[in-house]
Amino acid sequence: MAAAAKVLPSLTAIFLLVHLVTTVAASSVGHEIRRGFSAAHDTSYSQFQPLLADPTGVFSLGFLRAAASDSDSDSDQLNLVVLHLASSTALWHAALARSLLWEAPVSLSFNGSLVLSDAETGILWSTPAIDAGDRLVLLNSSNLQVQKLAEMTAVVVLWESFDFPANTLVQGQNFTSAADVKSTDQRFTMRVEESYLALYMELPGGTPPVMYWRHAAMEAKAEIVAGGGPIYAQVGEGFLGMYQNESAPVDVLPFKSFNLGIRGFRRLTLESDGNLRAYYWNGTIWAKDLEAIADRCDIPTSCGAYGLCDYSGGCGCLDGARKADRCLPAASGDFCAAGANEFGILRRKGVDLANKVLAANEKVGSLEECEASCDRNCSCWGAIYNNASGYCYRLDYPIQSLVAADESKEGYFKLRPSGGGGGGGRSRKVKVALLAVGSLVLVGTTTAAVVAYGVRRRRRGVTARVEGSMVEGLTPGPYKDLNSASFRSIELS
């Protein structure tokens, strides 16, 4: 306890020191940038190099040093951001053409448009190529604007950062269907659709994104007038409003502080875990005001690829195991690729989609029919069949986290060998061993799970099941064996 007590003041002191240094540095810069401006990145700044301040001294534009969003990288990165100085929180950042190390020799210039560049690769980011901008200003709302000065002190806004959000919306900022909000790691996206707000999981290889959360204005029985204009969203004082015009909102998503009269600058951020959270600044910390998804199991990546999330809070794998790092390897390619003539099969009882109301489905006559609809379709990665309702939910994307359910729900999942499918497009018979173990237990339940592994080979468009003998009393080996060239078929029951 004594050691912990010593650490806390130290951390607090470090935070206050960084905040003090950042604030003092920001106070030394101007409130507007004129044509002809140029500033090089100066690595003598340890965390933040301010270039422009808003009139109140709350926000600043500059170069920020931040940890890499890629977990495989240990190097700190550089970006151009609008920073909330008191918390050192980036509210907006430039969408760079490539990631930059903190030591990168970049420079920012303004000659009608704002340009971030380096001598080796040229332009890394810029506002539209216009030459009419007279000045760059940062408003007390944190909105960065390129302005043209007209006659009689009139101002024309040529570009503004509020139209190009990063991972955050702030109070008073309009969010329209023309923009996306993306998490820092680019895995999740928020969009305004025709009559609702939605969160999507982005997928590789051009696969359409998967919706996993939706808030519709019609849930509040609001009146959306046909032809009355597009829907847009805006963070208000304790709520997220959906509007069709400048009058009253057609719907309100309330925060915890709604109608409580709590004042403070507010932000809504799509975070790297896929959840949408709102905060207000109380003068000391960002107080959490909304968590759109209450249970982590409702986020499709909560337990990783081929993971199983239990609503009691634990993570496991679709094979019934508990693994701290990962279950099956992440996908690499698709089953329609040339040479993808071999894949494994994993069956599991007691598994379901967290948000199947948002998933495509069809009513079929049996589990076998549900499996067959996926088996013969190379764009399908798996399917879940509800024995009670007869509905089949097909997953046309790499398998992510699913949730534990009762045994009336059965899952069928394809497994990709790490070599990309093997076989080179030519089928051959393989001697396959079938292994069996005793009952596996669902995470957090007492229901026995039935898990089966198999192998499929395609030849001239025909899919065939390869089977072999059974050896009892063996547990499944490491997944690197499943992903080897032989890709043995394993069946557990």
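Me: Which residues lie nearest the centre of the largest pocket, and how many residues line it?
Reply: Asn79, His93, Ala94, Ala166 and Thr184 lie nearest the centre, within a lining of 48 residues. This is a predicted model, in which local features need pLDDT of at least 70 and side-chain atom pairs count only at pLDDT 80 or more, while totals for chains, interfaces and linings use all residues. Residues are numbered from 1 along each chain as its sequence is written, and side-chain values use heavy atoms, with hydrogens and water left out.

Me: What makes this a pocket, and what is its volume?
Reply: On a 1 Å grid over the protein atoms alone, a pocket is an open set of points with protein on both sides within 12 Å along at least five of seven lines, and lining residues have an atom within 4 Å of a point. The largest pocket has a volume of about 1,100 Å³, where volume is the space filled by probe spheres set on points joined across faces, edges and corners.

Me: Which elements give two or more residues to the lining of the largest pocket?
Reply: They are helix H1 (2-26), strand S4 (59-66), strand S5 (77-84), strand S6 (89-93), S10 and strand S23 (266-270). The greatest share comes from S5, with five residues. Such elements are DSSP runs numbered from the N terminus: helices are H or I of at least four residues, strands E of at least two. By that rule the protein chain has three helices and 40 strands.

Me: Why is S5 called largely enclosed?
Reply: A residue is buried under 20% relative accessible area, exposed over 50% and partly exposed in between (1.4 Å probe, protein chains only). Eight of the eight residues of S5 are buried, so the strand is largely enclosed by the rest of the structure. Gln77, Asn79, Val81 and Leu83 point one way, and Leu78, Leu80, Val82 and His84 point the other.

Me: How do you know which strands pair with S5?
Reply: Two strands pair if DSSP finds at least two bridges between them. In the S5 and S6 hairpin, with four residues between the strands, Ser88 takes a positive phi near 55°.

Me: Where does Ser142 sit, and what phi does it take?
Reply: Ser142 belongs to the hairpin of S11 and S12, with five residues between the strands, and takes a positive phi near 85°. Four antiparallel bridges join S11 to strand S12 (residues 144-149), with Leu136 opposite Val146. Strand S1 (residues 32-34) is joined to S11 by three bridges, also antiparallel.

Me: What makes a group of residues a nonpolar core, and how many residues has the largest?
Reply: A nonpolar core is a set of buried Ala, Val, Leu, Ile, Met, Phe, Trp, Tyr and Cys residues joined through side-chain atoms within 4.5 Å. The largest has 62 residues, and Met190 is among those with the most contacts inside it. Apart from it lies another core, of 35 residues, including Leu51, Ala94, Trp102 and Trp159.

Me: Is Ala119 called buried or exposed, and why?
Reply: Its relative accessible area is 84%, which is over 50%, and therefore Ala119 is exposed. Ala119 is found in the loop between strand S9 (114-118) and strand S10 (122-126). For the protein chain as a whole, buried residues make up 48% of the 493 residues.

Technical notes. On a 1 Å grid over the protein atoms alone, a cavity is a set of points where a 1.4 Å probe fits but cannot get out, and a pocket is an open set with protein on both sides within 12 Å along at least five of seven lines; lining residues have an atom within 4 Å of a point.
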